[in-house]
Structure formats: C-alpha cells, structure tokens
Amino acid sequence: MQGTRYSPTHIRATWDGTGSVEDASRALGFSRAKGYDLVRRGEFPCRVLRIGRTTRVVTASLLRVLESGEPEYNGAPAGHCTPS
C-alpha cells in the first residue's frame, strides 16, 4: 500500500538523513514535477539541501511537516531575522 510507504512511521524506520525530492513530494501528496517546481521557487514545504547538482530533502524536516501540517521553508522565518 503506497500510503503506508510514506507514513511518518515508515519514513522514520527506513530513510537515512535525507530523502529524494520525488519521495518527499509523494509523502506530502503531490507530484515529482510539483515538488521540483517548489524547490526551484524556494517554496518546498520542508528543508532541502543542494549538493552539487543533487537536491535532497532533510528527513527530520519532512517528518515535522508531516506531523504538524505546517511548512518549514528553507529561508528563515521573517520575524526571526534581525539585522545587526
């Protein structure tokens, strides 16, 4: 069953520190193409790492988003950055 494959319990048990954009997109309920579009726009709902030409999703961030329903964008929240 595909839903079980992308459940927080299964992700926690089987994923390493990062996962693919494709798998994270499916866990969040949208397509691979939509996931990569959101990454390009800087709006993917959880933290991503760009390593060379590879983009990986941080598993801990994905789990927080799945469990809370709140996005955790890559940029710092507006209210938390203050210039020195």
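**Asking why: burial, pairing and crossing**

Tutor: Thr55 has its place in strand E3. Keep in mind that this is a predicted model.

Student: Which residues does Thr55 touch, leaving aside its neighbours within four places in sequence?

Tutor: Thr55 is in contact with Val21, Val39, Val48, Leu49 and Arg50. Arg50 is also the bridge partner of Thr55, while Leu49 stands opposite Arg56 in E3.

Student: What makes strand E2 and strand E3 a pair?

Tutor: Two strands pair if DSSP finds at least two bridges between them. E2 (residues 48-51) and E3 (residues 54-58) have four bridges, in the antiparallel sense. Therefore they count as paired.

Student: Which residues of H5 are buried?

Tutor: They are Thr59, Ser61, Leu62, Leu63 and Val65. Their cover includes helix H2 (8-14), strand E1 (18-20), H3 and E3.

Student: How do you know that Thr59 is buried?

Tutor: Thr59 is found in helix H5 (residues 59-68). Its relative accessibility is 7%. The cut-off for buried is under 20%, so Thr59 counts as buried. Not counting residues up to four places away in sequence, Thr59 touches Ile11, Trp15, Asp16, Gly17, Thr18 and Gly19.

Student: Why are helices H3 and H4 called roughly perpendicular to each other?

Tutor: The axes of H3 (residues 21-28) and H4 (residues 32-41) cross at roughly 105 degrees and come within 8 Å. Angles of 65 to 115 degrees count as roughly perpendicular, and therefore H3 and H4 are described that way.

Student: Which residues make the contact between H3 and H4?

Tutor: On H3 they are Val21, Glu22 and Ser25; on H4 they are Arg32, Gly35, Tyr36 and Val39. By class, the contact has three nonpolar, two polar and two charged residues.

Student: How many helices and strands does the protein have, and how do the elements run?

Tutor: There are five helices and three strands. From the N terminus on, the elements run α-α-β-α-α-β-β-α.

Student: How many residues does the protein have, and what percentage count as buried?

Tutor: The protein has 84 residues, and 29% count as buried. Its accessible surface comes to about 5600 Å², and 51% of this belongs to carbon and sulfur atoms.

Student: What part of the contacts joins residues 24 or more positions apart?

Tutor: Such residues account for 47% of the contacts with a separation of 6 or more.

Definitions and conventions. Residues are numbered from 1 along each chain as its sequence is written. This is a predicted model: local features need pLDDT of at least 70, side-chain atom pairs count only at pLDDT 80 or more; totals for chains, interfaces and linings use all residues. Side-chain values use heavy atoms; hydrogens and water are left out. Helices (H or I, at least four residues) and strands (E, at least two) are DSSP runs, numbered from the N terminus. Buried means under 20% relative accessible area, exposed over 50%, partly exposed in between (1.4 Å probe, protein chains only). Contact means heavy atoms within 4.5 Å. Axes are lines fitted to C-alpha atoms, for helices over the stretch in contact, and angles run from 0 to 180 degrees between N-to-C directions. Angles under 35 degrees count as roughly parallel, over 145 as roughly antiparallel, 65 to 115 as roughly perpendicular and the rest as oblique. Ala, Val, Leu, Ile, Met, Phe, Trp, Tyr, Cys and Pro count as nonpolar, Asp, Glu, Lys and Arg as charged, and the others, Gly among them, as polar. Accessible areas come from the Shrake-Rupley method with a 1.4 Å probe; for residues, only the protein chains shown count as cover.
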